[in-house]
Amino acid sequence: MIRRTAINAGELLFPQTPSFRRQSLTPSNRFSFSSMATTNLIGTHNGTFHCDEALACYFLRLTNKFSAAKILRTRDIQVLDSLEALVDVGGVYDPSRNRFDHHQHGFHQVLGHGFTTKLSSAGLVYKHYGMEIISRKLNLDEGHPNVFRLYLAIYKSFMEAIDAIDNGINQYDIDQPPKYVNNTNLSSRVGRLNLDWLDHDLSSEKEDEAFQCAMNLAGSEFLDILNFHARSWLPARSIVMECLLARGNIDPSKEIMVLTKSCPWKLHIFELEEEMKIDPPIKYVIYQDDRNKTWRIQAVAISHDKFESRRPLPSVWRGLEHDKLSEVAGIPGCVFVHMSGFIGGNLSYEGALAMARVSLAY
């Protein structure tokens, strides 16, 4: 239940703490509304909070314009109208005035660039400030091509789900109930930071402390995602692209790719196949296992969200190991083939390549 309360010192939130555990507000970090300029305040509603406004507030404080801003949580419309920025409240979407609500009738904003999911307040802030935030955190010029590439990749892998969940958009267009419950997503974990009905103290101060924890949780996960994409995702993408371009040197079929350096290739192969108009698609990826220096042959899945392989390794190989597998396959050095046929191993690169070529012929 959303509680409407008058503005008081407890409704002001201040710079995030390093941890997203619930922190107590001390007298030294409480201020009165009358003592602060409204240009230093970002407004959102009080009461029950969701992931989108927590992340939207965090995003705004990563921008140059709002880096020193405080968060005011209230539903007093007269106060809200006087603030420099509003998220998830106010019934207005107007980026020129930093109004980022998505609840009003007729709202249908999407990110664009091929994305069609309706935006939440977090998505709206990301749409207009995402590239500035990324460029500032990575110390890159906002016009750098990697900034835009990361902007789209992070929306796809992180932001879009937050927008969809907040707007009640199902992940699949089916009427069947899910086979299991998943309450481990960020939106669910932020939701659990709301005060419980059994809590003895349900004051606005406690609500604001919980909201600050929600900001820190959502914000820390965004920074983790950004760091991963900048440090790992981008370099891996370059490696996979180079290997795809070289696939014709591996086998005339062009359906076998050899990974020159171990990296998370499955994050990129489907998108790059489409981008590079690769046809026929890759069936097998060969790479060296860094742990024991043997070689792996992995069948590419039919899509990034499916377990089924485009062309599994031959059924007569599955579940076999070492000499027995080498005898049946007619290829020396075989180590194993998984029961599902999605992966196998060989002691040498030549052996793994032979396994791939024979598998293509089955």
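**Ground rules**

I am working with a predicted model, where local features need pLDDT of at least 70, side-chain atom pairs count only at pLDDT 80 or more, and totals for chains, interfaces and linings use all residues. Residues are numbered from 1 along each chain as its sequence is written, and side-chain values use heavy atoms, with hydrogens and water left out.

**Entry 1: the sheet**

I looked up an open sheet of five strands. Its order is E9-E10-E11-E13-E12, and the pairing is mixed. Strands E9 (256-258) and E12 (334-337) stand at the edges with a single partner strand each, so one side of each has no neighbour in the sheet. From one strand to the next, the twist averages 20 degrees. I note the terms here. Strands (E, at least two residues) and helices (H or I, at least four) are DSSP runs, numbered from the N terminus. Two strands pair if DSSP finds at least two bridges between them. Axes are lines fitted to C-alpha atoms, for helices over the stretch in contact, and angles run from 0 to 180 degrees between N-to-C directions.

**Entry 2: strand E11 and its partners**

I followed E11 next. Strand E10 (residues 284-288) runs antiparallel to strand E11 (residues 295-299), and five bridges join them. Val285 stands opposite Gln298. Gln288 stands opposite Trp295. The hairpin of E10 and E11 has six residues between the strands, and Lys293 there takes a positive phi near 65 degrees.

E11 also pairs with strand E13 (residues 343-346), antiparallel, through four bridges. There, Arg296 has Gly345 as its bridge partner.

How many residues of E11 are buried? Five of the five are, so E11 is largely enclosed by the rest of the structure. Buried means under 20% relative accessible area, exposed means over 50%, and partly exposed lies in between (1.4 Å probe, protein chains only). Trp295, Ile297 and Ala299 cover one side of E11, with Arg296 and Gln298 on the other, and all are buried.

**Entry 3: salt bridges**

I counted twelve salt bridges in the structure. The term means a side-chain nitrogen of Lys or Arg within 4 Å of a carboxyl oxygen of Asp or Glu.

Arg73 pairs with Asp208, with the closest N and O atoms 2.7 Å apart. Arg73 lies in strand E3 and Asp208 in helix H6 (residues 204-245), so the pair ties together parts 135 residues apart in sequence. Is Arg73 buried or exposed? Arg73 is buried, at 0% relative accessible area. Asp208 is buried too, at 1%.

Asp251 forms a salt bridge with Arg357, and their closest N and O atoms are 2.8 Å apart. Asp251 is in the loop between H6 and E9 and Arg357 is in helix H9, so this pair ties together parts 106 residues apart in sequence. Asp251 is buried, at 10%. Arg357 is partly exposed, at 38%.

Asp289 and Arg291 meet in a salt bridge at 2.9 Å, N to O. Salt bridges with shared partners join Asp289, Arg291 and Arg296 into one network. Asp289 is buried, at 6% relative accessibility. Arg291 is exposed, at 74%.

**Entry 4: helix H8**

I turned to helix H8 (residues 322-329). Leu325, Ser326 and Ala329 are buried in it. Seen down the axis, the buried residues of H8 fall within an arc of 100 degrees, so they line one face. The arc is that of the directions from the helix axis to the C-beta atoms. Asp323 and Glu327, on the other side of H8, are exposed. An α-helix has 3.6 residues a turn, so residues three or four places apart point the same way.

**Entry 5: contacts across the sequence**

Ser188 is in helix H5 (residues 186-191). Ser188 counts as buried, at 19% relative accessibility. From Ser188 to His50 the C-alpha to C-alpha distance is 8.7 Å, and they are 138 residues apart in sequence.

Asn64 sits in the loop between helix H1 (51-60) and strand E3 (70-73). Asn64 is exposed, at 56%. Asn64 and Glu132 are 68 residues apart in sequence and 8.5 Å apart in space, C-alpha to C-alpha.
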